[in-house]
Amino acid sequence: MTSAAPDNPRNRADALPKSWTPGEVEASMYERWVAAGYFEADATSDKPPYSIVLPPPNVTGNLHIGHALDHTLMDTLTRRKRMQGYEVLWLPGMDHAGIATQTMVEKRLAVDGKTKEDFGRELFIDKVWDWKRDSGGAIQWQMRALGDGVAWSRDRFTMDDGLSQAVQTIFKRLYDAGLIYRAERLVNWSPALRTAISDIEVKYEDVDGELVSLRYGSLDDSEPHVIVATTRVETMLGDTAVAVHPDDPRYRALIGTTLEHPITGRQIPIIADDYVDPEFGSGAVKITPAHDPNDFEMGLRHNLPMPNIMDERGRIIDTGTEFDGMDRFEARVAVRERLAAEGRVVAEKRPYLHSVGHSERSGEPIEPRLSMQWWVKVESLAKAAGDAVRNGDTVIHPASSEPRWFDWVDNMHDWCISRQLWWGHRIPIWYGPEGDVICVGPDETAPEGYVQDPDVLDTWFSSGLWPFSTMGWPDASPELEKFYPTSVLVTGYDILFFWVARMMMFGTFVADDPVLTAGKGGRRQVPFKDVFLHGLVRDQFGKKMSKSRGNGIDPLVWINEYGADTLRFTLARAAQPGGDLSVGEPHALASRSFVTKLFNATKFALMNGAQPGELPDRAQLTDADRWILDRFEEVRAEVDSAFDSYEFGKACEALYHFAWDELCDWYLELTKVQFAAEGPRAESTRVVLGNVLDAVLRLLHPVIPFVTESLWQALTEGGSVVIAAWPQATGVPTDQVSAQRISDTQRLITEIRRFRGDQGLADKQKVAAKLIGLDTAGLTELHDSVANLARLTEPGDEFAATATVEVRLSGATVTVELDTSGAVDLDAERRRLEKDLAAAEKELAGTTAKLGNEAFLAKAPEPVVAKIKDRQDVAAAEVARIGARLAELSGK
């Protein structure tokens with residue numbers, strides 16, 4: 001034993017403030033960590049590597065609750081690994097967010113009545129860079145407020161020169177391999193933004209529209225005609241067929257014939273296709289290949305014309321009708337009115353609730369539109385991404401998400417990578433004056449007279465390179481050799497298919513690149529070894545958070561009100577692999593109470609001289625000391641296992657209940673008796689308490705870094721818990737005897753407390769009592785602890801028991817005789833006993849009835865009958881005991 005209580009233990013407790021006020025501590029503490037270089041990574045280190053690249057938030061964004069969850073979990077992983085002796089790289093960065101950023105800057109220009117066209121492409125892009133420097137990246141200081149331990153010196157941006165070089169390199173490699181091509185296909189089109197947008201930027205909402213049934217063909221019922229229904233009447237201007245099911249007897253005679261288009265006068269065929277559901281509506285559907293995904297596929301199968309009837313702004317064009325020049329919604333009304341006037345509208349249903357895709361950025365309904373775009377041929381890339389998981393090169397957590405992964409990559413459609421924007425990575429394709437097309441790599445220049453394609457690449461294209469482009473690829477670097485592949489990707493399951501799939505496709509495409517295999521024996525590399533998928537943050541009632549519901553949580557508000565530790569613990573405690581998590585104000589309050597409890601417990605320990613040190617021989621320790629050390633070891637193992645399995649909630653729950661229920665509520669109370677004894681017993685307890693608190697603070701640090709740093713420094717008078725060693729297994733077997741004695745002690749104290757509560761005794765009111773049977777139960781040495789925690793005093797010469805409590809323990813029954821005269825509310829005790837008597841009588845009556853039922857006894861197994869008899873005996877004994885006590889009270 002190497003430590004002793006200082007002459008004035010309060011001096012160390014005074015190093016802590018009176019109470020924990022995170023707003024006064026967190027910001028400066030974080031900057032000290034950064035200044036000390038704790039979060040930087042050394043690519044030349046001999047330590048084993050551990051790396052995570054931060055999913056790059058949009059440069060336009062703010063820290064929302066989903067970010068806060070993501071960042072908390074990543075920070076927890078990296079802080080723990082750093083403490084475990086790994087060389088940790090958590091690499092931060094931001095995405096240029098093509099559409100979002102361009103839209104934001106255009107809105108700012110619109111305030112002055114300007115458009116991007118007023119400046120031209122180059123000057124407009126300069127304006128965007130100006131905005132990025134002045135206003136972008138607000139999320140960075142918010143990350144600091146949350147406590148993100150990222151390597152700020154390695155901060156990356158998807159439009160940086162190095163990352164732009166990576167984009168050009170991968171584009172050219174894919175193009176040269178025949179995996180990038182240009183074609184006219186159907187895309188999600190935003191008329192407001194005048195660009196194609198990705199599937200992830202389309203949000204589906206139920207809207208009240210209309211379902212209009214139209215008559216094609218003759219208005220004479222005796223002549224050929226069909227009825228079709230549509231929610232977008234204006235698209236009928238681009239119809240090139242009517243489709244029916246080949247086995248539908250109603251239309252068999254019409255298949256292969258033509259009908260005159262009601263407005264354009266074109267002859268359109270009636271085709272047969274298995275896609276048509278004969279049970280839905282009339283069993284006939286109009287086909288507009290240029291403006292509907294399903295119709296487009298049918299158009300390809302039947303080689304149908306695909307006239308595009310809308311321009312980039314969503315206006316009707318090239319129909320040769322009076323509707324040309326109208327906005328699509330204006331035309332919807334006008335076309336319906338004309339058809340109605342001609343008697344071709346046979347039914348209208350309003351309102352008609354149906355799902356419509358809306359642009360996430362502009363809020364408008366998107367328009368499926370045939371458009372010339374650049375595409376990635378994904379078949380071979382998707383197969384490689386799927387095989388990486390099938391082969392175990394990348395492991396998805398939870399495993400239950402694997403079927404969704406395979407379903408996606410095995411059925412992926414070609415990827416539209418071009419966007420009609422100015423802000424972003426320009427597509428490196430150049431067109432020559434004679435119609436030549438060339439792809440220009442990063443170290444190449446286009447010949448004179450060639451013109452570059454005006455489109456830019458989808459933001460997901462550059463972020464798909466994030467795991468290796470941020471470390472220097474396509475050039476070799478110490479970072480790639482040390483930290484690639486990354487250890488884990490942490491993200492929500494909702495973008496598994498959009499971002500994760502793209503990183504896996506690109507990562508497996510360059511898996512044999514010598515730059516990536518250097519120092520790894522030439523083995524193929526994947527972008528990350530593990531993928532951990534968490535769920536969405538919902539409100540405390542499990543409902544999705546939304547502005548309309550008003551149930552969203554602003555993480556910055558919680559940080560300002562409760563502190564970053566409270567926010568982090570609330571989110572981590574609710575996180576589980578693949579599952580959504582529900583959080584709300586009650587959860588935050590519980591987390592804040594936990595932080596406060598931890599703070600107060602450490603301050604109590606310091607005031608009583610607790611300090612980490614070398615533990616004395618276990619034979620010198622009390623049962624309580626051995627129990628808390630053993631329980632900590634069990635919890636440490638449980639926490640390690642949970643963190644290794646990405647079960648953050650399980651780890652936090654174990655730490656919460658150990659720290660609150662066992663360490664604070666029991667062991668600290670037991671130490672009060674041991675401290676009071678002074679001498680070697682108290683000194684041993686000070687070391688035990690110091691060691692346990694030291695280790696608990698280390699285990700909790702990755703999740704709640706600020707309060708644990710403050711408490712650990714006061715407790716150990718050392719450096720920083722950020723770089724302290726992670727607790728290791730002791731190898732000491734659990735002392736089962738001590739564990740059972742403490743369990744019995746807890747049960748005994750709990751039963752006495754329950755009795756006191758039933759009697760209405762005040763918590764601090766002491767009652768004279770005799771404890772009979774402690775020696776038989778093996779609890780003699782814990783007598784003082786029981787008396788102290790149960791508020792009992794030694795009986796005097798005039799002691800006369802007025803109440804008796806019998807507690808069955810593991811080895812014996814302990815009888816507690818109490819003198820409650822003048823302390824017990826007799827009426828309250830009678831009411832309690834009468835309630836207990838009623839319950840015992842009900843149990844006795846029920847068991848007696850079953851045992852008197854011959855039909856039941858004839859069928860019931862012998863063990864069941866024996867168990868009922870035991871319950872009958874216990875109930876009969878309770879009825880007798882309670883009845884005797886009530887009779888005793890009747891004379892008082």
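Contact is taken as heavy atoms within 4.5 Å. The structure is a predicted model, in which local features need pLDDT of at least 70 and side-chain atom pairs count only at pLDDT 80 or more, while totals for chains, interfaces and linings use all residues. Residues are numbered from 1 along each chain as its sequence is written, and side-chain values use heavy atoms, with hydrogens and water left out.

T820 is found in the loop between β29 (813-819) and α27 (826-851); helices (H or I, at least four residues) and strands (E, at least two) are DSSP runs, numbered from the N terminus. Not counting residues up to four places away in sequence, T820 touches F755, V767, T802 and A803. T820 has a relative accessible area of 3% and is therefore buried (under 20% relative accessible area; exposed is over 50%, partly exposed in between; 1.4 Å probe, protein chains only).

Salt bridges were defined by a side-chain nitrogen of Lys or Arg within 4 Å of a carboxyl oxygen of Asp or Glu. The whole structure contains 54 of them. In helix α20 (residues 623-644), R636 and E633 lie three residues apart, about one turn of the helix, and form a salt bridge with the closest N and O atoms 2.8 Å apart. R636 is buried at 8% relative accessibility, as is E633 at 15%.

A salt bridge also joins R871 and E843, again with a closest N to O distance of 2.8 Å. This pair links distant parts of the chain, R871 in helix α29 (residues 862-890) and E843 in helix α27, 28 residues apart. R871 is partly exposed at 38% relative accessibility, and E843 is partly exposed at 29%.
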